[in-house]
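Reader: I am new to protein models and would like to learn how to read one. Could you walk me through it?

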Amino acid sequence: MRSLNHATLIFASKLFHSTKSIEQKTIFLLHNSTKLNHLLQIHAFTIKTSLDQSNFILAKFLGQLFSCSSFKNLPYARSLFDRIPSPDTFIWNSMIRAYLNAQNPRESTSLFFQMRIREDIVVDSFSLSLVLQACGRSVNDRDGKRIHTHVWKLGFLSDLFVQTALIEMYAKCGTLDIAEEVLNEMCEPDLVSYNVMLAEYVRVGEIESARCLFDKMPEKDLVSWNTLIHGFTAAGIIGDARQLFVTKRESNEALRLFHEMQLANVKPDKVTMVCVLSACGELGALNMGKMIHEYIKRNYIEVDLKLGTSLVDMYAKCGDIANSLEVFNKMGLKDVLTWSAMIIGLANHGFAELSLDHFSKMISEGFKPNGVTFVGVLSACSHAGLVDMGWKYFRSMSDIHRIEPKIEHYGCMVDLLGRAGCLKEARELIRSMPFSPDAVVWRALLGGCRIYKNIQLAEEAAANLLQLEPQVDENYILLSNVYSEAKNWDKVINTRKMMKGGNIQKLAPGSSSIEVDNGVSTFHSFQPYIPHETHLSLLQTCKTHKEPKQIHASTIKTGIFNHITIASRILAFYSDPKIGNLEYARSVFDQIEEPNSFTWNTIIKCYLENHHSNDAILMFCELLRESSVSPDNFTLPSVIKGCARLCALEEGKQVHGLSLKTGFQSDLYVQSSVVSLYSKCLDIVSARKVFDRMENADMISWNSLIDGCVKCGEIELAQKLFDEMPEKDSFSWTVLIDGYSKCGKVDIARDVFDKMPNRNLVSWNAMINGYMKSGDFVSAQQLFDSMTKRNIITWNTLISGYERNERFILALEAFETMLEEGLTSTNSTLVSVLSAVSGLALLEKGNWIHSYLVRNGLKIDGVLGTALIEMYSKCGSIDSALGVFQAIPKRRLGHWTAMIVGLGMHGMAVEALKLFRKMQRLQMKPNSITFIGLLNACSHAGMVNQGRQIFSIMEEEYGIEPTIEHYGCLVDLLCRAGHLEEAKNVIENMPIRANAVIWMSLLSGSRNHSNVEIGECAAKHVIEMAPKTVGCYVLLSNIYATVGRWNEVSKVREMMKNIGIRKDPGCSLIEHNDVFHEFVVADSSHHQKEEIYSKLSEMDDRLRSAGYIPDLTQVLVCVEGQKEKEAELANHSERFAIAFGLINVKPGKPIRIVKNLRVCNDCHSVTKLLSAIYDREIIVRDNSRYHHFRKGTCSCKDYW
């Protein structure tokens, strides 16, 4: 035992002198031995002490031997085994397993049969499972069947482990039918049994059988999902296609499975991701691939070597080479497969030089290329026509890298030479190949011959190609194209005759694929003629707007489009609001030579249903002017409805007059539409006249009139009409509820709601909305909770109500609950949620909602784009706001305005003005809100002259009359810059009476510039207008405190006490891991208070070392002594929030804080210093603006 380490020897010495038995001591040493030489010494000791006769000791020895030594020591173990006189079952099983693990399954099987003939040995389920595995690995179904017989004889047919091993054995041996029988005969097959069968189906390519089995499985785990997804990915199986002139490929079956997996709440792992990304790459499904990548980032899944390589490959195959490069460059660890994927991707996209640069960089970094790498390198040369470079790399394979070129490398070289026109050189290369050229090589040569019209060489290549693949249609087509390029039409005909004589047909028509909404659609060539009865039948079965386009093309080609039935049916299809292709519908209409009343009515209704009411009216005018068709009782109601939508009362009156002239004055539908027109245009007198002339007013007319009364504020008249109604429907009740809610009579609305006999969702929603508008969100929530059924409008009403009432957290909680219940949010939901996020400045939550939009394929144009820009701006991420703005393809005025307002909020006035000038160059007319944003931008940046200029051009150039808000911005601009007298003059000479907000701006400016006289004047006006405005008293008190007039401070505070108002305490919020952390002055309530106070102490030390001197003028309470004043400043809430952020927010990420009050000068200086000391970006949103602190400076340039 000399080779044992010193500590083990000492312990062994003590052990052998202890009272324990030698057997116990030997077992101990076996457990503690991890090296082969130790085990050999222990074995020698067992022989010496006769312990080698103990099966228990020998079993332990063999087990330890197999666990700590390589399989090359198996002969030693076998010699030991052969010397054991009576090895027990455990030892036999250990040896069988050892041979199995050593990839020697035949010896495992042989040992089992030796074991079986020993009468003293009992075969157990473990023995049978091992030997069945051995039979499967050696594809030995003959012995497998013999062992199956032993299973039956020994009574193990119901043993779960044995049954699973039988399934695996038969499947690996290719007898899947027997494997299926074993699975079907199992009483209760477990998940492992199903997974084994599933894996075997996938292994042999029986994907459909695998899918059927998967669907039948009572439960599935991650292994089940991964196995099937991998199977579909590897097999390249595409989901079911419905062929009707167009073959629509949905996402690859693997992608659909991934979606099902998520719906089943099975969390995918890296294996899943690799398979799904591979499927995306094969299909070119870029959007789906991006969603997977986003899922990986959102769930913090580590992008390791394999996953990173899959992402690089996916992006490259999907045509997004920029993202492919970005992922590649971010990968810390790469291998030859990663480099090869990048090189091939660049080559396939025509970036030959960049591809070859990557190859050079790969070599310089010490990576050894493989055959796949050189396929990419040679392809790069081929696409760029780099013949000399191609030869250089081809020869370097064997000369430098010791890689013998394979058939695919020769194929690349032939392709390179063929593309470059070096056809003879390509032919010589084929002759010199060390193996027979395959069809790919000959096809590459034939392709070159087609480009350079070399018929002689093409015929030689084609002869060899057709000898290898006589039944492949593509080869004949390629040869035919060679003849066609050379204009040798006789040989083109002969080639096609060869195809016909060999019964060879073109199997696949030309096709193109495009990814839309995460699905891949494929389009094929269309048949030349279909009878028109067939067209009608097919049009009835069309489900997408793509299919009828091809039917339409066929009708034009065959001349049957002029049949009015066909033309009308195609027009009706595209006029369907579910299809919504208005432009195409109009083009179909314009092709109809003599449209009838049905087609005119169809196109007018189409415009109306697509919210193009103006165009509907223009079409009606065209009908009257150019057509012999007269408007009927279908035309007139549609046109009147369009006038009502546009509130085009005069045009509506003209159509009403036409209906009287053409004899439709008593038509119920026409009359009803006229009542609706006048009601919506708020002409209740005319509506009532038409209504009173109706002989049998229908429910729609009653409801229209009541609705008009409600909109005009005539709630009593609406109630009177409601009481007179012969019968009422849910709309009647709901309109009345809504009317009372809007005029503030929520209690009466609730009374009507309670009396309603059959409440529907609309009425419930109206009542909830009424409560929310009145500010009673508690009653709204109670009503919501009592509902048995809700729809998305109910949730939207609740969420938007909370947002309007500034209960932002409740709004977000409601949104999360809605998603948990499986509802899909609408644009309205997301606008309210984004507004709530903005109110709380929750950037992480905002990022999540943005990714939710992307994941669900929602477009960010329109109001959603505006809401996103506002959210990022208000959450302090102006770069993200700019990113959203720039990503919107067709920017509207709302987007420009939101971006200008956002830039202004962040003190980026120069950028806001640049954006405005760009708007002017694009001839986009700003609105009043745009100018509010511009004036605010100038205000935050102290750009007084520019602000005055903006205020002037608003009216002079754009004809926008300044409102109270614009004057408020101008006053704020002047006050911030210290022009208090000018600001006061503006207020006193305004054409509009100043409100409390404007006087508050003057008061705030007076506080900032310590002007007591103007401050007192402003405060006086605010108190007269809004005596309970807390901020007014606080600012006045602060003005007095700044100049040391403490008696006046006390008087102001006494005034506040007498009228029952109190100052809002200063508080700062910081979000971390989706949780709000709120801090107040001298906060000691946080669970991390000890760490926070320790960090505050550290901050104070480092601040003083950096030369910080407290600004004691910012102490606005009566405190004696310098230390007390310094302590008062050090206890401000934002410092606690910063300390928390330094402790918890990861380095490199900004610390984001929201404060409810204006940041004081001292805290502003402190935050600047801390941003430099700790090298952290700190973003603070106070009640005035945003401050971006970086490296000791602030974005406000100390102007706020």
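Author: Gladly! Let us begin with burial: of the 1200 residues in the protein, 50% are buried. Please keep in mind that this is a predicted model.

Reader: What does the secondary structure of the protein come to?

Author: The count is 65 helices and 10 strands.

Reader: Where does UniProt place the feature "repeat: PPR"?

Author: The unreviewed UniProt entry puts this feature at residues 88-118, 190-224, 335-369, 596-631, 698-728, 729-763, 791-825 and 892-926. Take two of these stretches in the model. Residues 88-118 are 84% helix and 0% strand, with the end C-alpha atoms 10 Å apart. Residues 596-631 are 75% helix and 0% strand, and there the end C-alpha atoms are 11 Å apart.

Reader: Where is the place of Ser-1010, and is it buried or partly exposed?

Author: Ser-1010 is found in the loop between α58 (996-1008) and α59 (1012-1025). Its relative accessibility of 35% makes Ser-1010 partly exposed. Ser-1010 is not a glycine either, and its phi is positive at about 55°.

Reader: Let us go inside. How many residues has the largest nonpolar core?

Author: That core has 166 residues, and Phe-931 and Leu-1002 are the ones with the most contacts inside it. Apart from it lies another core of 77 residues, which includes Phe-328, Ala-341, Leu-429 and Leu-457.

Reader: Which residues does Phe-931 touch?

Author: Setting aside residues up to four places away in sequence, Phe-931 touches Phe-916, Pro-926, Ile-950, Ile-953, Met-954, Tyr-958, Ile-960 and His-966. Phe-931 has 0% relative accessibility and therefore counts as buried.

Reader: How many aromatic pairs does a search of the whole structure find?

Author: It finds 23. To read a pair, look at the distance between the ring centres and the angle between the planes. Phe-931 and Tyr-958 form a tilted pair, 5.7 Å centre to centre with 55° between the planes. This pair links distant parts of the chain, 27 residues apart: Phe-931 is in helix α54 (residues 928-941), while Tyr-958 is in the loop between α55 (944-956) and α56 (964-976). Tyr-958, at 17% relative accessibility, counts as buried.

Reader: Why is the pair of Phe-1079 and Phe-1140 tilted?

Author: The ring centres of Phe-1079 and Phe-1140 are 5.8 Å apart and their planes meet at 50°, so this pair is tilted. It also links distant parts of the chain, 61 residues apart: Phe-1079 belongs to strand β6 (residues 1075-1080) and Phe-1140 to helix α64 (residues 1133-1144). Both Phe-1079 and Phe-1140 are buried.

Reader: Which residues do ring pairs link into a cluster?

Author: The cluster consists of Trp-391, Phe-394, Tyr-410 and Phe-435. A ring can also have a lysine over its face: Lys-392 lies over Tyr-393, 5.6 Å from the ring centre. In the case of Lys-728, the ring is that of Phe-722, and the distance to the ring centre is 5.0 Å.

Reader: One last stop: where is the place of Pro-189?

Author: Pro-189 lies in the loop between α11 (176-185) and α12 (191-203). Its contacts, leaving aside neighbours within four places in sequence, are Leu-183 and Tyr-194. Pro-189 and Pro-218 are 29 residues apart along the chain, and their C-alpha atoms are separated by 9.7 Å.

Notes:
Residues numbered from 1 in each chain as written. Predicted model: local features only at pLDDT ≥ 70, side-chain atom pairs only at ≥ 80, totals over all residues. Heavy atoms only, no water. UniProt positions renumbered as here; feature names shortened; annotations may be inferred. Helix = DSSP H or I, 4+ residues; strand = E, 2+ residues; numbered from the N terminus. Core = buried A, V, L, I, M, F, W, Y, C linked by side-chain atoms within 4.5 Å. Buried < 20%, exposed > 50% of the residue type's maximum accessible area, 1.4 Å probe, protein only. Contact = heavy atoms within 4.5 Å. Phe/Tyr/Trp six-rings, centres within 6.5 Å; stacked < 30°, edge-to-face > 60°. Lys NZ or Arg CZ within 6 Å of the ring centre and 35° of its normal.
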